[in-house]
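Walk me through this model in the viewer, one selection at a time. Tell me what to pick and what I will find there.

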Amino acid sequence: MKHLHHFSATELRDAFIKGEVSAVKIVETFLSRIDKHNKKLGAFLSVLNTRALLKAEALDKKRAHNQPCGKMAAIPVAIKDNMHIMGETTTCGSKFLSNYKAPFNATSVHLLEQEDAILIGKTNMDEFAMGSSNENSAYFPAQNPWNLKRVPGGSSGGSAAAVAARLSLMATGSDTGGSIRQPAAFCGIVGYKPTYGRVSRYGLVAFGSSLDQIGPLTPTVADAALSMEVLGHHCPRDATSLDLPPDSYRLSKSLEEGATIGVPWSFLENLKPEIRENFNQSIEVMKSLGAKIVDVDLDVIKYSIAVYYILATAEASTNLARFDGIRYGVRSKEAKTLEEIYENSRKNGFGREVKKRIMLGTYVLSAGYQDAYYKKAQKVRTQIMDAFDQAFGSCDIVMMPVTTSGAFEHSSIMDPVEMYLQDIFTVSANLAGLPAISVPSGYNKIGMPLGVQMIGAQMCDVSVMQTAYAYEQASQHCRIPRDYEA
Amino acid sequence: MVFLIHIYMSNFDHQTLEHLKKLCRIECTEEEDADILNSLNRVLDFAAQLNEVNTENTKTCRYVLRGMLKNQMREDEVKDVLSREKFLANAPDQIGGMIRVPSVLKPSS
């Protein structure tokens, strides 16, 4: 039998169900991989050894007694550290919450456990999910398993590094402007952001409430589809949760007859050669599958970064007001007055990027500037949604690269605007609430993975997944980095 | 990649920063002050590109999911949400089942 970490999540589940491997053996394998590699990778902020082993023992008993096991039986799953697992720490990558123990389960965590997933650890992230490189973690930066000098992307960089190095076979992420898809592309795995509202955000620490979505990072598209069957349920505890039955994913290697892919060629005019070449190859794969390629006009999304950083910071500034040092989190010890508690707890607890974004968000919402920045951005957002609506009138799926390059080196981007522009291909799906997936599409000249993105209309999650599956099966770019094969 | 960046110098100065820090209830170190001022100016200058977009006849986006514009209502019922004990387990300071803060009312002379 091949190494357990060479299985996809779905294959490992099947092997467990058939009795080919025990859940305890699975957990021991992955815990020992974490033990061996996490010091260098920094993918996990905490590892749930005891919890995982207890769950595994319970699962082995369940199987021995011929009781039915869940859809995710024995799959080791890592949880991004901004989602609550009851009784465990949720730091959000911040010093502010270094002592916070979650008093309840996030709905996504509850659903995964209900289907017998094994929660194996909490993954590293940019503080409060603010960043594109994981360098904003208040603890330590996560590294890219393909090259430790390079970033894994962000903000779900720990989740991406964990799955890419096969320290886990699935991880949850949250995507506000690309935080699942960009790290997935940088690390050579699949990352999926569902339609806004498809996955409940109850128990996710909020960043930008009109943009945030939880989704999976996995080795394969089939694994992502499996996790969406589990996660994509209506939840009365999240008022934005879609009141629709869960989707079921039946994936086929061929595209539907007449499938049409829209490409915003004019918006993509200035791609770097390595991305252009790779993207063109992906287009050829779609053509070979019988897809019709059409040109769509999405020029307005060149403004999406400006719109995003106004709206996301505005929403963050209100969401992060709750971190005041009064009810939870680390309260400043030197504070003597109530005001000092607020000011000093926030001074000591928040990192620089978080402070910047709270201030920017407060500024664009403040008297005299709200019309010029916030309301203007909301209008341009409407135009971005209109442009996608129009595009989906002539195609089923929009295809774009995920990133502007392969993973960059640590500390190589210091300018805030240059860093924000890393998200140019991903934020528009959040602004318009669209489902979007990042699938491995090959490697650049220095061997770093690249990804291609497929974006669908709202509620067309199944169609996005189906297109991605056909592409993945025809192209087969997913590999394990050499240092993590053994 | 080159995208259109229109430079309008934003008038975000030290005084604005100090005002903003009060609004946000955030203290910063001196070094952070300088860096944040610089970054916010960079980002606001960048955001000025939105002035190029004609939005005269565009409606403000109010909700993300088109075609799903209905309020999610629920019964206003008392439910067992989170026990006082569980909630207070995370409180930095507490007394008699309540969260303790420094006194905010001055004793009258």
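This is a predicted model: local features need pLDDT of at least 70, side-chain atom pairs count only at pLDDT 80 or more; totals for chains, interfaces and linings use all residues.

Now select the strands of chain A. The 11 strands form an open sheet with mixed pairing. Read across it in the order E1-E3-E2-E4-E6-E5-E10-E11-E9-E7-E8. E1 (44–47) and E8 (292–295) of chain A stand at the edges. Each has a single partner strand, so one side of each is left without a neighbour in the sheet. From one strand to the next, the twist averages 30 degrees.

E1(A) pairs with E3(A), residues 118–123, in the antiparallel sense over 3 bridges. Pick Val47(A): its bridge partner in E3(A) is Gly121(A). Then show helix H2 of chain A, residues 23–41. H2(A) lies across E1, E2 (76–80) and E3 of chain A. It runs at about 15 degrees to E3(A).

Move along the sheet to E9(A), residues 397–401. Here 5 of its 5 residues are buried. Both faces are covered. Ile397(A), Met399(A) and Pro401(A) lie on one side, with Val398(A) and Met400(A) on the other.

Which strands pair with E9(A)? E7(A), residues 260–263, pairs with E9(A) in the parallel sense over 2 bridges. Ile261(A) stands opposite Ile397(A) there. E11(A), residues 449–456, pairs with E9(A) in the antiparallel sense over 5 bridges. Select Pro401(A) and find its bridge partner in E11(A), Val452(A).

Finish at the contact between the chains. It takes 45 residues from chain B and 57 residues from chain A. On the chain B side, the elements that give two or more residues are H1 (14–24), H2 (30–47) and H3 (84–88) of chain B. Highlight H2(B): the largest share of that side, 9 residues, comes from this helix. Now colour the chain B side by class. You will find 28 nonpolar, 7 polar and 10 charged residues.

Note on methods
Residues are numbered from 1 along each chain as its sequence is written. Chains are lettered from A and ligands numbered from 1 in the order in which they are written. Two residues are in contact if their C-beta atoms, placed from the backbone, lie within 7 Å. Helices (H or I, at least four residues) and strands (E, at least two) are DSSP runs, numbered from the N terminus. Ala, Val, Leu, Ile, Met, Phe, Trp, Tyr, Cys and Pro count as nonpolar, Asp, Glu, Lys and Arg as charged, and the others, Gly among them, as polar. A residue is buried if 20 or more other C-beta atoms lie within 10 Å of its own, exposed if 12 or fewer, and partly exposed in between; C-beta atoms are placed from the backbone. Two strands pair if DSSP finds at least two bridges between them. Axes are lines fitted to C-alpha atoms, for helices over the stretch in contact, and angles run from 0 to 180 degrees between N-to-C directions.
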